[in-house]
Amino acid sequence: MADFIIAAASTADLPSEYFTEHDVPIIRYSYTMDNEQFDDDCKEETRREIYKRMRKGALMTTSMINTYTYYDFFKELMDTGKDVIFLDMTRQISTSFTNAEKAAEQIKEEYPNQRFYLMDTLCVSGGLGMLLHYMINLKEQGKSFDETIEWAEANKLKIIHWFTVDDLNYLKRGGRVSNAAAMVGSLLSIKPVLYVSDEGKLVVATKVHGRKAALLNILDRMKEDFTEPDGKEVFINHADCLNDAEFMREKVLETFPTVAKITITSLGAVIGAHCGPGLFTIFYLGNKRYA
């Protein structure tokens with residue numbers, strides 16, 4: 001097996017068991033719920049409890065990771081003597097990325113005989129998790145440090161992200177929609193369909209009337225950008241909307257019967273804090289992102 005480390009942030013939104021099974025070190029984002037601070041442990045039971053509390057009105061905020069925390073995490077990895085690849089959320093969504101860059105610069109100066117690669121993944125949440133998953137597969141197949149990076153850089157913009165939210169008020173708090181748009185949208189049951197662009201930004205593609213229409217709109221878009229599904233995997237993350245996730249799994253299997261596997265997991269705490277319960281997300285390696 002190739003002898004280097006692939007590490008990631010907890011916002012890859014994979015289950016904690018995945019990180020353990022594949023020996024992936026993670027740096028944990030933190031969040032505050034009703035004035036109590038927690039580290040993102042990536043456990044399914046924690047995620048379910050978070051959304052249960054949010055539906056009851058619990059207030060949740062997140063914190064960026066500072067430069068010193070990144071430095072300590074990176075240093076521990078480099079002290080193993082191995083080269084390191086680190087994946088975090090796109091800089092366009094996470095202000096933490098700038099702090100990771102500062103820490104990486106210092107690490108490279110202190111360890112001139114090792115390689116440290118900080119990737120701007122242009123991905124987020126399960127899209128970041130999918131990129132990490134493919135890179136781990138390459139490493140476990142014996143691909144080198146350079147080969148793994150080369151594949152990831154060539155294919156990261158083919159990791160397709162589609163989202164829809166149930167409650168526009170969470171997007172309003174994050175500045176994604178105006179107060180008026182959130183109020184009118186809630187009254188009329190308007191649901192946005194969003195994607196992550198080539199620049200790594202979260203963008204509204206369209207707005208439809210009703211939740212089912214939003215899910216089916218995503219399915220229609222998959223028909224356009226998932227034209228080679230044979231043997232591919234699909235990731236679905238959901239924020240306490242398992243019925244919708246299972247509905248879409250069946251629809252995807254009907255539409256793309258040759259996919260290898262569809263994995264459903266709960267959405268991580270950090271992204272969930274900004275989008276709220278009812279967020280549905282789907283990720284896959286497709287042709288190119290919507291523009």
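Which hand does the crossing of α5 and α6 have, left or right? I looked this up first in the predicted model.

**Entry: α5 and α6**

I found that the crossing of α5 and α6 is right-handed. Helix α5 covers residues 126-140 and helix α6 covers residues 145-155; I read that their axes come within 10 Å and cross at roughly 150°. Angles over 145 degrees count as roughly antiparallel, and I therefore list α5 and α6 as roughly antiparallel to each other. I then looked up who makes the contact. From α5 I noted Leu-131, Tyr-134, Met-135, Leu-138 and Lys-139, and from α6 Thr-148, Trp-151 and Ala-152. Sorted by class, the contact of α5 with α6 has six nonpolar residues, one polar and one charged.

**Entry: α3 and α4**

Next I took helix α3 (residues 67-78) with α4, whose axes come within 8 Å and cross at roughly 40°. I recorded the crossing of α3 past α4 as right-handed. On the α3 side I listed Thr-67, Tyr-70, Tyr-71, Phe-74, Lys-75 and Met-78; on the α4 side they meet Ser-96, Asn-99, Ala-100, Lys-102, Ala-103, Ala-104, Gln-106, Ile-107 and Glu-110. I sorted the residues of this α3 and α4 contact into eight nonpolar, four polar and three charged.

**Entry: α9 and α10**

I then turned to helix α9 (residues 211-225) and helix α10 (residues 242-255). Their axes come within 11 Å and cross at roughly 30°. Angles under 35 degrees count as roughly parallel, and α9 and α10 are therefore noted as roughly parallel to each other. I wrote down a right-handed crossing for α9 past α10. In α9 the contact is made by Arg-211, Lys-212, Leu-215, Leu-216, Ile-218, Leu-219, Met-222 and Lys-223, and in α10 by Asp-244, Phe-247, Met-248, Lys-251, Val-252 and Thr-255. I count the classes in the contact of α9 with α10 as eight nonpolar, one polar and five charged.

**Entry: the sheet of four strands**

In what order do the four strands of the open sheet stand? I read the order as β2-β1-β6-β7, with parallel pairing. At the edges I found β2 (26-27) and β7, each of which pairs on one side only. Strand β1 (residues 4-9) is joined to β6 by five bridges, and the two run parallel. I picked out Ala-7, whose bridge partner in β6 is Phe-86. I also checked which helices pack here. Helix α4 packs on the sheet and touches β6 and β7; I noted about 160° between its direction and that of β7. Helix α6 packs on this sheet too, touching β1, β6 and β7, and its direction makes about 10° with that of β7.

**Entry: the sheet of three strands**

I looked up the open sheet of three strands and noted the order β4-β3-β5, with antiparallel pairing. Why is one side of β4 and of β5 left without a neighbour in the sheet? I found β4 (36-39) and β5 (60-63) at the edges, where each has a single partner strand, so one side of each lacks a neighbour in the sheet. The twist from one strand to the next averages 30°. Strand β3 (residues 30-33) and β4 run antiparallel and are joined by four bridges. I marked Tyr-31, which stands opposite Phe-38 in β4. Helix α2 (residues 44-55) packs on the sheet and touches β3, β4 and β5; I read about 35° between its direction and that of β3.

**Entry: salt bridges**

How many salt bridges does the structure hold? I noted 13. I looked up Asp-83 and Arg-115, whose side chains meet in a salt bridge at 3.2 Å, N to O. This pair links distant parts of the chain, 32 residues apart. I placed Asp-83 in strand β6 (residues 83-88) and Arg-115 in the loop between α4 (96-110) and β7 (116-120).

Terms used:
Residues are numbered from 1 along each chain as its sequence is written. This is a predicted model: local features need pLDDT of at least 70, side-chain atom pairs count only at pLDDT 80 or more; totals for chains, interfaces and linings use all residues. Side-chain values use heavy atoms; hydrogens and water are left out. Two strands pair if DSSP finds at least two bridges between them. Axes are lines fitted to C-alpha atoms, for helices over the stretch in contact, and angles run from 0 to 180 degrees between N-to-C directions. Contact means heavy atoms within 4.5 Å. Angles under 35 degrees count as roughly parallel, over 145 as roughly antiparallel, 65 to 115 as roughly perpendicular and the rest as oblique. A crossing is left-handed if the near helix is turned anticlockwise from the far one by less than a right angle, and right-handed if clockwise. Ala, Val, Leu, Ile, Met, Phe, Trp, Tyr, Cys and Pro count as nonpolar, Asp, Glu, Lys and Arg as charged, and the others, Gly among them, as polar. A salt bridge is a side-chain nitrogen of Lys or Arg within 4 Å of a carboxyl oxygen of Asp or Glu.
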